[in-house]
Amino acid sequence: MSGEARRRAGLLVDARQYDLARPEIVRALAEDPDDAAAFHVLALLEQRTGNHDESLAALDRAAELGLPPTAHLYTRLNTLYHARRFPEAVATADELLRHDPQHVLAHVLLAQMLGGEGRADYHRARAHGEQAVALAPENDHAHYALGQVLASTHGRWGARAALPHLQQAVRLKPDDPANLNALGVVELTLARSRRALRSFASALAIDPTLEPAAFNVPLAMLGLVRRAGLVLAVLFLAAAVVGVALAPRLPTSAAGASTGAGALGHGAAVVAVLAVVGLVAAWLRRAIPDSLRPAAARAWRRDPVVAPLVVSAMVTAALAVVLVALPVPNGVHVPPLLLLGLVVRLVAVLVSRARTARYGRDRATERAELWRPPPRRPPRPDVTPS
C-alpha cells in the first residue's frame, strides 16, 4: 500500500500539485518508514517548494535506506543548485560523474555553474558544455549551457561562437523564455538590435514576469534608436552639403535668377531627403514587434535614456528637410542650421550616456516597466443566448 501512495505522490509532484502530494507522501511513510523511494519523493517535494534543507535531510535518509547513488546525487545536485550553494553543488556534480560519466544534466549544470558570473572557470565550463552537447545533441539545455559559457567571455567572438548553439536551443524548445532571452542577449552583443528585440518580445509573450527579458528590452530599443539617429545624422550632413551646392543655382541667388537653373535639382533633393526620413521611420516602426508597440508608443517619451536621442533624431530630420527645401538666397541659412543640428545631436548623446552611467538598478527597473508589454486581456465571455 505504501507503494501506491508513494506513486500517487510522485505523480502529483510531477504535476506540481504540491498541496495534494504532501498528505500522500505522509501516508506512504506512515505505512513504511523505511521506504527509500518515498523519502526520495519527499526530497523532490521539498525541493520544488523551496525547502532546501528539508530536501537534503530527506535525501540523506533515502541514501541511508539504499537509494541508488545516481538518483541520490542528481537530486542533491539539483537541490544545491537551486539553493545557490554552488561550491557544494560542483562537488556533488563531480561525484555524480564519477558514478555516471555520461550524465548529461550533470555536465549541463557544471557548465552553467563553472561559467557563471563570479565563478568563472571558462575552460572546465566549456569542456562540460561541449560534452553535454556531444552526448545529447537534441537536448536544448545542453546547447543553452554551452552557448552561455561561450558568450560569457571574449566579447563578440564569444557571442558569434554562442549564436548557433542558442539558435539550436530555441529551435529545440521555442516555448522556453530563457532560451529566447539568452539568444536575444547574444544578438544584442552582435549589434543585431532588431533581432534581439524580437527574441525579448517573444520571451515576454511566453512569460510576462521574466525580469531579465524586461530589462533587456530598453537596451535593444536603445540600439535601434541609435542606429536610426546615426542614419539621420548622416542625412543631415549630406543635406547641408547639398544645400550649399544648390544655393548658387536657385532663383533666389544672383546667379540662379539670371539662368533659372536649379529647380529640378532642388525638387529632387527635397524628395530624396523626405524619402530617407520616411524609410527610417518605417524601418523603426517595423522593427518593433506588435506586442511591444503599445508600450513603445508611450515609453519613447518617458525613457530618460532613449528620449533625448529620439528628440535629437526628430530635430535632425526636420533640419535636413529645411536645409534642402528652404530657398534662402545664397544658402546663408546653412551654417547656423548645421551648427544647431550638431549641437542638438551632441547634447542628446551626452545626456543619454550620462543617464545610462548614472542609473542604478532601481531606475533600470523603472525603465523596464516602461517597455514591458501590457498584460493580455482575458477572452470575452460568451454571452450568446442559448
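Colleague: How many helices and how many strands does the chain have?
Modeller: There are 19 helices and 0 strands, where helices are DSSP runs of H or I with at least four residues, strands are E runs of at least two, and both are numbered from the N terminus. Mind that this is a predicted model, with local features needing pLDDT of at least 70, side-chain atom pairs counting only at pLDDT 80 or more, and totals for chains, interfaces and linings using all residues. Residues are numbered from 1 along each chain as its sequence is written, and side-chain values use heavy atoms, with hydrogens and water left out.

Colleague: Why is H2 called roughly antiparallel to H3?
Modeller: The axes of H2 (residues 18-31) and H3 (residues 36-48) cross at roughly 155 degrees and come within 10 Å. Angles over 145 degrees count as roughly antiparallel (under 35 is roughly parallel, 65 to 115 roughly perpendicular, the rest oblique), so H2 is roughly antiparallel to H3.

Colleague: Which residues make that contact?
Modeller: Contact means heavy atoms within 4.5 Å. On the H2 side they are Tyr-18, Ala-21, Arg-22, Ile-25, Ala-28 and Leu-29, and on the H3 side Ala-38, Phe-39, Val-41, Leu-42, Leu-45, Glu-46 and Arg-48.

Colleague: What makes Ala-36 buried?
Modeller: Buried means under 20% relative accessible area (exposed is over 50%, partly exposed in between, with a 1.4 Å probe and protein chains only). Ala-36 comes out at 11%, so it counts as buried. Ala-36 sits in helix H3, and beyond its neighbours within four places in sequence it contacts Ala-62, Leu-65, Gly-66 and Leu-67. For Leu-65, 29 residues away along the chain, the C-alpha separation from Ala-36 is 5.2 Å.

Colleague: What share of the whole chain counts as buried?
Modeller: 46% of the 386 residues. As for contacts with a separation of 6 or more, 61% of them join residues 24 or more positions apart.

Colleague: What makes a set of residues a nonpolar core?
Modeller: The members must be buried Ala, Val, Leu, Ile, Met, Phe, Trp, Tyr or Cys, joined through side-chain atoms within 4.5 Å. The largest such core here has 90 residues, and Ile-25, Leu-77, Met-113, Leu-197, Val-217 and Trp-371 have the most contacts inside it. Helix H13 (residues 211-246) gives the largest share of this core, 9 residues. Apart from it lies another core, of 19 residues, including Phe-236 and Val-334.

Colleague: What does Leu-197 touch?
Modeller: Setting aside residues up to four places away in sequence, Leu-197 touches Val-217, Ala-220, Met-221, Leu-224, Ala-287, Ile-288, Pro-289 and Leu-292.

Technical notes:
Axes are lines fitted to C-alpha atoms, for helices over the stretch in contact, and angles run from 0 to 180 degrees between N-to-C directions.
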